[in-house]
Amino acid sequence: MSEIWKIARISHKFHACCHGLHAMLEALAGITGEIDTVTVATHPRWLTVCHNPAPRTGLECKFSYAMTAAMCLSGVDTARIANFSDTMANDPALIALRDRVTVQDDDRLTEMQARVTARFSDGTTQEAFHDLNVPLPLAQRAERLTQKARAVVGRALADDLWAAVQSGDIGDLTAFLGRD
């Protein structure tokens, strides 16, 4: 007996860290400038999961609003798992920025939303909001997926996999297994 599979929605994890950090990282993506402080508002649930204010290891960084915010604002690619390292956790410049990030709960936000407020050294502020439930345009999603795949498996393999998916010739994805 065959079954029809119905998938209501597909989501993608664009960052190599806890899902609870993703809305914040997406909101921070548009913020640039000389940061003085950052305030992150998130659903209360995430404070029990990914609010490690002073991570000491790469693994702990994956569960830290403050450190991933510092990484993002410093231009560190949070899609690359290798960037979540003990070296990164102990980088003095990142620690200095991390220590200027405040995280607070906001029960008006869903678990898929975050709001960030950046205060710059000149006294101005910028607020950004992101909701992971809002679909990305297809072209942007494709670009982000390709970027993430390249970060995980390398450019050549990611591009070959993408070409196979685009052509519809995915019948033998085993040809890609075992490749460097």
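**Exercise 1.** In this predicted model, determine which ring the charged end of Arg144 sits over, and which ring the charged end of Arg45 sits over.

*Solution.* Begin with Arg144: its charged end is placed over the ring of Phe14, at 4.4 Å from the ring centre. Turn next to Arg45, whose charged end lies over the ring of Trp46, 4.2 Å from the centre.

**Exercise 2.** Locate Thr146 in the chain and decide whether Thr146 is buried or exposed.

*Solution.* Thr146 belongs to helix 6, which covers residues 138–153. Its relative accessibility is 13%, and the cut-off for buried is under 20%; Thr146 therefore counts as buried. Leaving aside residues up to four places away in sequence, Thr146 touches Asp159 and Trp162.

**Exercise 3.** State which residues make the nonpolar surface patch of about 260 Å², and classify the exposure of Val49.

*Solution.* The patch is made by Val49, Leu59 and Phe63. Val49 lies in the loop between strand 1 (35–42) and helix 2 (58–61). Its relative accessible area is 34%, a value to be set against the limits of 20% and 50%; Val49 is therefore partly exposed.

**Exercise 4.** Describe the order of helices and strands along the chain and the share of its residues that is buried.

*Solution.* The chain contains seven helices and four strands, arranged along the sequence as α-β-α-α-α-α-β-β-β-α-α. Of its 180 residues, 39% are buried. Among contacts with a separation of 6 or more, 64% join residues 24 or more positions apart.

Definitions and conventions
Residues are numbered from 1 along each chain as its sequence is written. This is a predicted model: local features need pLDDT of at least 70, side-chain atom pairs count only at pLDDT 80 or more; totals for chains, interfaces and linings use all residues. Side-chain values use heavy atoms; hydrogens and water are left out. Helices (H or I, at least four residues) and strands (E, at least two) are DSSP runs, numbered from the N terminus. Buried means under 20% relative accessible area, exposed over 50%, partly exposed in between (1.4 Å probe, protein chains only). Contact means heavy atoms within 4.5 Å. Patches are made of residues with over 30% relative accessible area and no salt bridge: like charges are joined within 9 Å, nonpolar side chains (Val, Leu, Ile, Met, Phe, Trp, Tyr) within 5 Å. Accessible areas come from the Shrake-Rupley method with a 1.4 Å probe; for residues, only the protein chains shown count as cover. A salt bridge is a side-chain nitrogen of Lys or Arg within 4 Å of a carboxyl oxygen of Asp or Glu. A charge sits over a ring if NZ of Lys or CZ of Arg is within 6 Å of the ring centre and within 35 degrees of the ring normal.
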